[in-house]
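Welcome! Here is a friendly briefing on one protein structure, with its points grouped by topic.

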Amino acid sequence: MTNRQKHLWALILQSSFVIRHFTICWVLCLTLTACKTLPEIPLTTPKPLEVNLNMRLDIYQYRGDEPLDKEAAKGASEATVRMRNRMAEIQVLKNNQLVGEDHRGLLQIREVPAGDWGPQMKKAVAAENEDRMLLMRQKAKESNRPLHEIESEQWRLRAQQANTGEWIEIPGAMSGSFQWKRAGEVEKAAPAAPSSPKPNATPP
């Protein structure tokens, strides 16, 4: 091997040593950089955590019938108009003693006429009672009273307004019973029991 070759081999060995040494240093630098202490992350807060439990509570009074208030008022108004339009027909039935005012504030059929007038009368009475009941239920709901109180109230009012000769129901002799009479009629008093003859006094 010539001196020139030996010199070249020596340079190659020195270069490989430098490269290897540089590589080792570079790896060490990277390792040290990666192992550098990270900044401390505080796990506490300057002030204690506050939990706001304040809540806004809005209370509204709700009635189950509120969504139907407008519809109910409309129905009551329409029922009043129908009853007004039917008033003359109902009065004819009362004048002929075919119907009467009962203790529930409703009409009650007393006699059904023959012919086509019978079914027509039944239809008119049913429609009238339906409208009356609608109005009484509406009044009971608005005044927060039992329905039977409204029925009794309407019964007494209609009985007071009845024309002479019209059939009306009145309280009966027993509690909770009712009987029919014609308005304006004076109840006949029961005949007095005949008095027993006094015995003739014997002369002294």
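## A buried charged pair

R132 and E101 are both buried. Keep in mind that this is a predicted model. The two residues form a salt bridge, with 2.7 Å between the closest N and O atoms. Their link spans distant parts of the chain: R132 belongs to helix α3 (residues 117–143), E101 belongs to strand β1 (residues 99–101), and 31 residues separate them.

**The salt bridges around this pair**

- Side chains of opposite charge can pair when their charged atoms come close.
- How many salt bridges does a search of the whole structure find? The search finds 10.
- E101 also forms a salt bridge with K94, and here the closest N and O atoms are 2.7 Å apart.
- R132 and E128 are both buried.
- Which residues are linked in a network of salt bridges? They are R82, R86, K94, E101, E128, D131 and R132.

- Helix α4 runs over residues 147–161 and has 15 residues.
- From its first C-alpha to its last, helix α4 reaches 21 Å, close to the 21 Å expected at 1.5 Å a residue.
- Which residues of α4 are buried? They are I150, E151, Q154, W155 and A159.
- Looking down the axis of α4, you would see these buried residues fall within an arc of 165°, so they line one face of the helix.
- What do the buried residues of α4 pack against? Their partners are α3, β3 (167–171) and β4 (178–182).

**Aromatic rings**

- A search of the whole structure finds one aromatic pair.
- That pair is formed by W155 and F178, and its geometry is edge-to-face, with 5.5 Å centre to centre and 85° between the planes.
- Why does the pair tie together separate parts of the sequence? W155 lies in helix α4 and F178 lies in strand β4, so the pair joins parts that are 23 residues apart in sequence.
- W155 has 6% relative accessibility, so this residue counts as buried.
- F178 has 33% relative accessibility, so this residue counts as partly exposed.
- Another ring, that of W167, has a charge over it: the charged end of R110 sits there, 4.2 Å from the ring's centre.

**Two loop residues with positive phi**

- Q97 has a phi near 55°, a positive value in a residue other than glycine.
- You can find Q97 in the loop between α2 (69–95) and β1.
- Is Q97 buried or partly exposed? Its relative accessibility is 25%, so Q97 counts as partly exposed.
- N144 also has a phi near 55°, again a positive value in a residue other than glycine.
- The place to look for N144 is the loop between α3 and α4.
- N144 is exposed, because its relative accessible area is 72%.

**Helix residues and their contacts**

- N129 lies in helix α3.
- Why does N129 count as buried? Its relative accessibility is 16%, and buried means under 20%.
- Which residues does N129 touch, not counting those up to four places away in sequence? N129 touches L106 and L107.
- E89 lies in helix α2.
- With 34% relative accessibility, E89 counts as partly exposed.
- Leaving aside neighbours within four places in sequence, E89 is in contact with Q120 and A124.
- E89 and A124 are 35 residues apart along the chain, and their C-alpha atoms are separated by 8.0 Å.

Terms used. Residues numbered from 1 in each chain as written. Predicted model: local features only at pLDDT ≥ 70, side-chain atom pairs only at ≥ 80, totals over all residues. Heavy atoms only, no water. Salt bridge = Lys/Arg side-chain N within 4 Å of Asp/Glu carboxyl O. Helix = DSSP H or I, 4+ residues; strand = E, 2+ residues; numbered from the N terminus. Buried < 20%, exposed > 50% of the residue type's maximum accessible area, 1.4 Å probe, protein only. Expected span 1.5 Å × (residues − 1). Arc of directions from axis to C-beta. Contact = heavy atoms within 4.5 Å. Phe/Tyr/Trp six-rings, centres within 6.5 Å; stacked < 30°, edge-to-face > 60°. Lys NZ or Arg CZ within 6 Å of the ring centre and 35° of its normal.
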